[in-house]
Amino acid sequence: MKDIVIQLLAAFFGGLGVALLFGMRSRHLLPAAIAGVLSWAVYLGMDAVTDVEFLSCLVAAAVAVIYAEFMARWRKTPATLFVIPGMVPLVPGSSLYNTMSYAVRGEMEAARAYGTKTLLCALAIAAGISFVTALRELQTKKQ
Amino acid sequence: MTLTKEEQNRLLHGMLEMGDLLLNCGAEVSRVEDTLERMTRAYGAEHVEVFVITSIISMTLAFPDGEPITETRRIHSGGGTDFFRLEKLNALSRECCIEPLPLPEMRQRLDKIAAGHKPFPAVFWGSVLTGGCFAVFFGGSVWDGLVAAAFGALICLMQVWLGRTKLNTVAFNLLVTLITGLGVGFTTAVIPGLHMDTIIMGDIMLLIPGLAITNAVRNMLVGDTISGVVRLLESLIWAAALAGGFMVALVIVGLLH
């Protein structure tokens, strides 16, 4: 439980950090940080019910994009501003590190497993975003 | 709004500048195409052909009274992200689509946006916060977070210094990760109780082209296949350079232990 709270806090401030890093205006900083914590909370929730990491990543990304689309409509900005901080906790930085760390030590079996995990995770995030974006485009084209 | 021949050319030139800026701020290809088409139609273009990939923009405009005009531009985009300018560009395009601004004014606004960069203090503290938080996020202690934050500051400064030298992204990633990896390796060797892995994982988040990769896959899924493939290859090479620098650092640090 303590770990979860720490992770969520870190995702919040991590999202805030990324928003700052990319030059977000101060009035959008809070919603950006919330995007980070939201996607990680959804990921953790999905992780508790399913063993398939791909699915957890996909759903978390999709929920974060829905949030970003609403925020973008409300604040009249491009959705990317809120999509990116939301995606960051899902980005497989630790898998990428583990991939090369095992590769350096010559444990190719483990390196390959982590490498696959890294790529699958990137694919899941992209699929989650594209799914929601496609639905949104369908909706705007109807109007 | 009816434009003279000369104004049409100026509009076309301004639009390419707009597209260049959008791509360099991290806008997706389909969004750039969409924005340019909407804006030129607002200025009265009857026929618009715009083709954008991450390395080139080609645009042909035809107005009701004249010959079609074409201009292309080579884009040197490093896959950067700048919300500060992106938001301003978005506001400008919205305004022009509702009520086209006079061309000189539009051009002036564009030049002003092009000159204004995201504020350095925000970028600096953003790097510190991101590096530190993600070290903790990946299971590090508070001390690991602080060390990662310090190296986040170093990475930010290196990005500013090396950014001026126009070093290409591969060489840049190799150099920055080598220096960071060695620095973290020595720090953790000297100070007991720190975890090298979590510190490096935190700082990787500052450099990882995770967003570029995600965007590349997205491009492919929505039909911008060429851009997607180009961007995916580019970002995989960048990630390999990133991993390469850290790997060399890990080997050197491993030899010393």
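How closely do the axes of helix α2 (residues 29–42) of chain B and helix α3 (residues 83–98) of chain B come, and at what angle do they cross? In this predicted model, the two axes come within 8 Å and cross at roughly 35 degrees. Axes are lines fitted to C-alpha atoms, for helices over the stretch in contact, and angles run from 0 to 180 degrees between N-to-C directions. The crossing of α2(B) and α3(B) is left-handed, that is, the near helix is turned anticlockwise from the far one by less than a right angle. On α2(B), the contact is made by B:T35, B:R38, B:M39 and B:A42. On α3(B), B:S93, B:C96 and B:C97 take part. Contact requires C-beta atoms, placed from the backbone, within 7 Å. By class, these residues divide into four nonpolar, two polar and one charged. Here Ala, Val, Leu, Ile, Met, Phe, Trp, Tyr, Cys and Pro count as nonpolar, Asp, Glu, Lys and Arg as charged, and the others, Gly among them, as polar.

Residues are numbered from 1 along each chain as its sequence is written, while chains are lettered from A and ligands numbered from 1 in the order in which they are written. Local features need pLDDT of at least 70 and side-chain atom pairs count only at pLDDT 80 or more, whereas totals for chains, interfaces and linings use all residues. Helices (H or I, at least four residues) and strands (E, at least two) are DSSP runs, numbered from the N terminus.

Chain B also holds an open sheet of three strands, in the order β1-β2-β3 with antiparallel pairing. Its edge strands are β1 (47–53) and β3 (69–74), each pairing on one side only. Neighbouring strands are turned by 5 degrees against each other on average, direction ignored. Strands pair if DSSP finds at least two bridges between them. Seven bridges join β1(B) to β2(B), and a hairpin connects these strands through two residues. B:F51 has B:S58 in β2(B) as its bridge partner.

Chain A has six helices and zero strands. Its C-alpha atoms fill a box of roughly 55 × 35 × 30 Å, taken along the principal axes. Of its 143 residues, 54% count as buried (20 or more other C-beta atoms within 10 Å of the residue's own, C-beta atoms being placed from the backbone; exposed means 12 or fewer, partly exposed in between). Among contacts in chain A between residues at least 6 apart in sequence, 60% join residues at least 24 apart.

Helix α5 of chain A (residues 93–104) was examined for length and burial. At 1.5 Å a residue, its 12 residues should span 16 Å, and the end C-alpha atoms are 17 Å apart, which agrees. The expected span is 1.5 Å times one less than the number of residues. Nine of the 12 residues are buried, including A:L96, A:Y97 and A:M100. Just after α5(A), A:G106 takes a positive phi of about 80 degrees.

Between the chains, 41 residues of chain A are in contact with 43 residues of chain B. Helices α1 (2–21), α4 (80–87), α5 and α6 (108–142) of chain A each supply at least two residues of the side that touches chain B. The largest share, 11 residues, comes from α1(A). This side of chain A has 29 nonpolar, 11 polar and one charged residues.

How values were computed:
Contact = placed C-beta atoms within 7 Å.
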